[in-house]
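Here are my notes for you to read alongside the model. Keep the 3D view open and go through the points one by one.

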Number of protein chains: 4
Amino acid sequence: MTATTPVLDARLRKALGEQTIELPSWAFGNSGTRFKVFGTPGTPRDPYEKIADAAQVHRYTGLAPRVSLHVPWDLVDDFSDLARHAKEHGVTIGMINSNLFQDDDYKLGSLTHSDPAVRRKAVAHHVQCIDVMRATGSKELKVWLPDGTNYPGQDSIRARQDRLAESLAEIYAELDDDHRMVLEYKFFEPAFYHTDVPDWGTSLLHCLALGEKANVVLDTGHHAPGTNIEFIVAQLLRQGRLGAFDFNSRFYADDDLMAGAADPFQLFRIMHEIVQADALRPESGVNFMLDQCHNIEEKIPGQIRSVMNVQEATAKALLVDAEALDAAQRAGDVLGANGVLMDAYNTDVRGLLADLRVEQGRDADPMKAFAASGYAERIAAERVGGQQAGWGA
Amino acid sequence: MTATTPVLDARLRKALGEQTIELPSWAFGNSGTRFKVFGTPGTPRDPYEKIADAAQVHRYTGLAPRVSLHVPWDLVDDFSDLARHAKEHGVTIGMINSNLFQDDDYKLGSLTHSDPAVRRKAVAHHVQCIDVMRATGSKELKVWLPDGTNYPGQDSIRARQDRLAESLAEIYAELDDDHRMVLEYKFFEPAFYHTDVPDWGTSLLHCLALGEKANVVLDTGHHAPGTNIEFIVAQLLRQGRLGAFDFNSRFYADDDLMAGAADPFQLFRIMHEIVQADALRPESGVNFMLDQCHNIEEKIPGQIRSVMNVQEATAKALLVDAEALDAAQRAGDVLGANGVLMDAYNTDVRGLLADLRVEQGRDADPMKAFAASGYAERIAAERVGGQQAGWGA
Amino acid sequence: MTATTPVLDARLRKALGEQTIELPSWAFGNSGTRFKVFGTPGTPRDPYEKIADAAQVHRYTGLAPRVSLHVPWDLVDDFSDLARHAKEHGVTIGMINSNLFQDDDYKLGSLTHSDPAVRRKAVAHHVQCIDVMRATGSKELKVWLPDGTNYPGQDSIRARQDRLAESLAEIYAELDDDHRMVLEYKFFEPAFYHTDVPDWGTSLLHCLALGEKANVVLDTGHHAPGTNIEFIVAQLLRQGRLGAFDFNSRFYADDDLMAGAADPFQLFRIMHEIVQADALRPESGVNFMLDQCHNIEEKIPGQIRSVMNVQEATAKALLVDAEALDAAQRAGDVLGANGVLMDAYNTDVRGLLADLRVEQGRDADPMKAFAASGYAERIAAERVGGQQAGWGA
Amino acid sequence: MTATTPVLDARLRKALGEQTIELPSWAFGNSGTRFKVFGTPGTPRDPYEKIADAAQVHRYTGLAPRVSLHVPWDLVDDFSDLARHAKEHGVTIGMINSNLFQDDDYKLGSLTHSDPAVRRKAVAHHVQCIDVMRATGSKELKVWLPDGTNYPGQDSIRARQDRLAESLAEIYAELDDDHRMVLEYKFFEPAFYHTDVPDWGTSLLHCLALGEKANVVLDTGHHAPGTNIEFIVAQLLRQGRLGAFDFNSRFYADDDLMAGAADPFQLFRIMHEIVQADALRPESGVNFMLDQCHNIEEKIPGQIRSVMNVQEATAKALLVDAEALDAAQRAGDVLGANGVLMDAYNTDVRGLLADLRVEQGRDADPMKAFAASGYAERIAAERVGGQQAGWGA
């Protein structure tokens, strides 16, 4: 319960040094609510500019070496050129995200649609995404299914599950041997009565039916109020099926705020489950990704801050005295065990992480360093004209 | 507990005959989620076409004689001409709704903005709305404040309340003697950390500070999960400050589904409070309005169905045996009192309402009658080209 | 959309005639909140009296031929005598429910406890329950696990899952060939930070690991706000793993109100999934059970009313025009498909069910018939002295 | 964003030195859920022992000089003797809490009951409480109204409000000139359909009707999921009507866990509103009280930890750079303003508070000091026999 100044020892240096966080290309474009999307000067106008912006986050944090693409938002003529562009900027292409919500044909469903032609189209879209994987070297296909219904009776919940299983199997069959597929669940939105993959149980059942290359994506904003998310993390790790995170924050629904902004203690508890299961290591197969919308804040600093928040939560989780925790737990010492966890959480790790950055040849303060770099002003001046990229473009 | 076939007696005929439901012009335009807005053939391209569509709802139900306008979405050169157009179609102009969420200046707030110039602009917008009231004969100004913040610390909650009070007072001062103003509250969205008018208590406090012409709007979708909405209805009626409803349905957040679609029993309980307080009468000052988004369903039938759902809930509420209910309540007969309420709810009132429509010279089945009218096909053919009106246009 | 008077045809007569609902013995004892348990005259003082009361529900409704027992609450010296007593009263013994929450040793867990001695005790308790099954002819063991923690860090979520899996396997091994075991999940309470079986996914994973005799119990009050329960029903039916319902109602948390009292439309939607999957038949293996607490209302009438509510929802679900629904769904007719469902829901089935009861030689109105029987007055007079049975005794 | 070691300067010393937190006597008795109340060795058996235990919390923290009593749980023959006993132990008697939920007459309501005799009884109980205030020197009467209904229709929501207003006015008239009354609201439980004072708006309306001596109590666990509690704090402070806090934590419902245990960031945000409005000062009239249940953890350490959590949140709130925050807010710098708040939150204040305690002549670590004192072992040995005090006894 006493304050201590944490020290950057070899264990922390190694564990923190291995951590990587993947950034979504769309976080650098404009986003908003159904009410309004506000534009900002300097917003990227194409995938090249998005990657350039994402690379800034990596440059100042050392934590974000990969960028997720979205198809068709990030379609380019020559993906090997885009991959080369990424490499020049010090990053690589990460997951390929499909899009099942913006085609007029998907109004009542995509992979679950009652019309086989629509399902075929949605499956074919994933074949296209897998081609992008091959072209970019990406090894992971991410599927978020926005399908659902708005009114009771609108469609058969059961029949849609069956059609979904079929469609997913067709996509799965297209994967190369070294490909992985991850399936995301979401509590609600854009559908308001029922969602076809609303919870981790449904996602996991489909993954189990598909095979070992299919795993679950946990988006921290996609749960009912009060859901204990770290329990789900522990459960999916226990099943060996936690494929990826989509980190973001929420106070109400799928608010898509910066990771760690709404409930930093929850983020710490999630990372505590990760650390306990030794799943921070790259070979654990968990892709730690951000998925958030910077509606009113600056986008690059918003991503920097989010990445730092995840890192701070990780550092605190690494500071948990595992031996003392285990002893208190075995002794049934409720307050003692909770106290061990809180001691780590209450520790200020910002100095330790600044030290790590300095050791790595980076600036101690990424937010200030980026602000001082003049990059924001430069892109605001340069990126005039053209169509700003938006969530959905 | 026995089924009875309800009879259309004089009391019901009178009470149901007086009921009116106001329609929002924007319900006839396209709407959607942040993910996608789907278009549909025949969608109105201007306020004239929206009113024409709204008039169809009134034609088949006899319940919807007024149409709410939204400024600037429904701006026209000549509002007296629009009012005349409405009259020709058998309806009148209802409330005027202001818009505080689509101007770039309102990114961080409107009536609460820290910059006085932005607040002045937002106040001036309401002066414009009041001019529209004068031009159209509307007597009510509806203010929904989308203001709020996304991150803790982003702005001062307290200072924003003070600035809001000032701005509202300036607007209130512009009202004519026979004008009314209603202030809507909303739990969250588009702001995700705090909302400046998040609950009925906040709205009521501002109304009390403003004066007797200010009342609260209760949107049925704007509450936290589990909130007992009929309690709020009873409380606002007790204070004499229930200005209007925005009826719609929700399973999760502000889903804006058709009224009565998600929880018809809740709609009945709300109307039971209205009937108990004798607030169905036009002179009660409660404006029963719809506010919903027909994202995937046809819009005119969606409104017809919603209006019918409100009417069915009202008819059931009118069938509650008030004397038996009161007796059971006074006797502390929990199951008996609940049983009296449920008896009314479980009654099938559709035949009774069909009889009422036939008496009024209308078709017994509004949905079928509209479908058979060919109107939908006609507008789909006629309204080609131009820009479809959307939520926000 | 027009009112119709439903007719009791052969199909309905058969389907409704097969339906059975199991009653919990503890519903007839006193219950309450942590704040207060109110007593009532005539409350049973032992399992014999509970069964006698439960038999009254069956007598007037014809729907409730089985009574669930709770061990140790319903321990008697001679279970064959209790089974005989039940038979004399026209009912049989249903599921045997274990109790893992009232022993001082279970303060920090039972089947998940870090101390192997406590786990052995909890497993042994189930062996005792299985003995009661053999003695009473019951074929189903119901396990609800109240285990969980109140504070982050208090115990290891992962280790508890492992210990739970082990404990359940030991219990499962004790089952006879014709025994079944069902595992209930619960969102929260009595634990307030994490619950060891909080959702259907966790329950199902344990059942899958155990084998074919293990299935999931869905208690309608054990979910997060907004959860689409009928989706879970459909999903578990699709997996062939829906073992039983615990029906009750909730507005907020696990309120344990009468089934159908809070959201009758939801109960209807649940029964619609059941009917669609043809799972109403006894051979479907789904045990339709009530689990509720009559804190302030009379208990026998409370159960009668609940049973009738489930029957009404079932009758409405049976009235859904499956062919028209399917056609509208395939046509993508959102309003039409929803309308087919609502037509059934809006139908008043009380007359039809009264006819069914009269056909069966019962009174048309169970509530009135029970009230007129004098039973309530008789037990109030007779059951003086002794210790009233309570939830937990 | 850089870590700093906060220094105990004069401003902090003064502000922190003035802070007091009131303890509830019932926190030292046994508590539990409706499922089970677990006993613990050393639990107090009477109000004298409860006060002795509460005094231990003050002894080690210097923060908890007052103890709230509950009538009738804490009834003694001679209240002046109890007050003397408290004084000897270094504490005083704080608020007097009435009890409207444990009398059989209150099954269907107390101050709202339809039977005037029950209402009179409930009013008379408060007159008794006011007598206890006079006898103990307490100046505050705390009313939490558990009244409500479990089923729609059970009673008239409106009539109950009217009866409540009447009853409260009768109680208010009994207060002495220097007395205050505070009215607590609660979202749900023990009532499950509607609660008669469910939200801050309702509580405030009754307080406004009563007069200046009536203020609102905000229990941090008594809200719907997602409610922004610090907004309510700001709103009530703005109205000058925040009478008291009941601090505790919740993950789901009214879990009554230790303050700061579930969401320490929320507690910090609440204290930030307090500090911003300069309401930490004793003369602000806000009584900072704990109200929690230590179901499974040790009670005295549970209170010590809670008090320390409130103090840590307060210290962090005091560290917010108000000038920098205001500047960033005025500049519309979303990330900057949020960053100022987070900088304070992320600071480790435990060392600073240890320094403060040492300055005050206390041990740096209250948890360890209490554990080392042998008090827990002593009371476990001494308090054998008798009836342990429980929540409700």
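1. Start with A:Pro190, which sits in the loop between strand E6 (180-184) and strand E7 (194-195) of chain A. Bear in mind as you look that this is a predicted model. What kind of peptide bond joins A:Glu189 and A:Pro190? It's a cis bond, with omega at about 10 degrees. For background, most peptide bonds are trans.

2. Chain A has another spot to check, at A:Val71 and A:Pro72. A cis peptide bond joins these two as well, and here omega is about 15 degrees. To find A:Pro72, look in the loop that runs between strand E2 (66-70) and helix H3 (79-88) of chain A.

3. Now hop over to chain C and look at C:Glu189. Its phi is positive, about 75 degrees, even though C:Glu189 isn't a glycine. That's worth a second glance because most residues other than glycine have a negative phi. Where is C:Glu189? You'll find C:Glu189 in the loop between strand E6 (180-184) and strand E7 (194-195) of chain C.

4. Next, some helix packing. Two packed helices are described by the angle between their axes and the distance between the axes. The crossing of H7(A) past H5(C) is right-handed.

5. Stay with that pair and look at who touches whom. From H7(A) the contact uses A:Glu230, A:Phe231, A:Ala234, A:Gln235, A:Leu237 and A:Arg238, while H5(C) brings C:Ile157, C:Arg158, C:Gln161, C:Asp162 and C:Ala165. Sorted by class, the contact of H7(A) with H5(C) has 5 nonpolar, 2 polar and 4 charged residues.

6. In chain B, look at helix H2 (residues 47-61) and helix H13 (residues 366-373). They pack at an angle of about 125 degrees, and their axes are 9 Å apart. So H2(B) is oblique to H13(B), and H2(B) passes H13(B) in a right-handed crossing. B:Gln56, B:Tyr60 and B:Thr61 of H2(B) meet B:Pro366, B:Ala369, B:Phe370 and B:Ser373 of H13(B).

7. Chain D is next, with helix H2 (residues 47-61) and helix H13 (residues 366-373). Here the packing angle is about 125 degrees, with the axes 9 Å apart. That makes H2(D) oblique to H13(D), and the crossing of H2(D) and H13(D) is right-handed. On the H2(D) side the contact is made by D:Gln56, D:Tyr60 and D:Thr61, and on the H13(D) side by D:Pro366, D:Ala369, D:Phe370 and D:Ser373. The class count for H2(D) with H13(D) is 4 nonpolar, 3 polar and no charged residues.

8. Last, the empty space. Rolling a probe the size of a water molecule over the atoms shows where empty space is left. The largest pocket has a volume of about 740 Å³. It's lined by 33 residues, and the closest to its centre are A:Glu298, A:Pro301, A:Phe370, D:Asp333 and D:Leu335.

9. Which elements give two or more residues to that lining? They are helix H9 (299-319), helix H13 (366-373) and helix H14 (375-382) of chain A, together with helix H11 (334-345) of chain D. The largest share, 5 residues, comes from H11(D). By class, the lining of the largest pocket has 17 nonpolar, 6 polar and 10 charged residues.

Terms used:
Residues are numbered from 1 along each chain as its sequence is written. Chains are lettered from A and ligands numbered from 1 in the order in which they are written. This is a predicted model: local features need pLDDT of at least 70, side-chain atom pairs count only at pLDDT 80 or more; totals for chains, interfaces and linings use all residues. Side-chain values use heavy atoms; hydrogens and water are left out. Axes are lines fitted to C-alpha atoms, for helices over the stretch in contact, and angles run from 0 to 180 degrees between N-to-C directions. Helices (H or I, at least four residues) and strands (E, at least two) are DSSP runs, numbered from the N terminus. Angles under 35 degrees count as roughly parallel, over 145 as roughly antiparallel, 65 to 115 as roughly perpendicular and the rest as oblique. A crossing is left-handed if the near helix is turned anticlockwise from the far one by less than a right angle, and right-handed if clockwise. Contact means heavy atoms within 4.5 Å. On a 1 Å grid over the protein atoms alone, a cavity is a set of points where a 1.4 Å probe fits but cannot get out, and a pocket is an open set with protein on both sides within 12 Å along at least five of seven lines; lining residues have an atom within 4 Å of a point. Grid points are joined across faces, edges and corners, and a volume is the space filled by probe spheres set on the points. Ala, Val, Leu, Ile, Met, Phe, Trp, Tyr, Cys and Pro count as nonpolar, Asp, Glu, Lys and Arg as charged, and the others, Gly among them, as polar.
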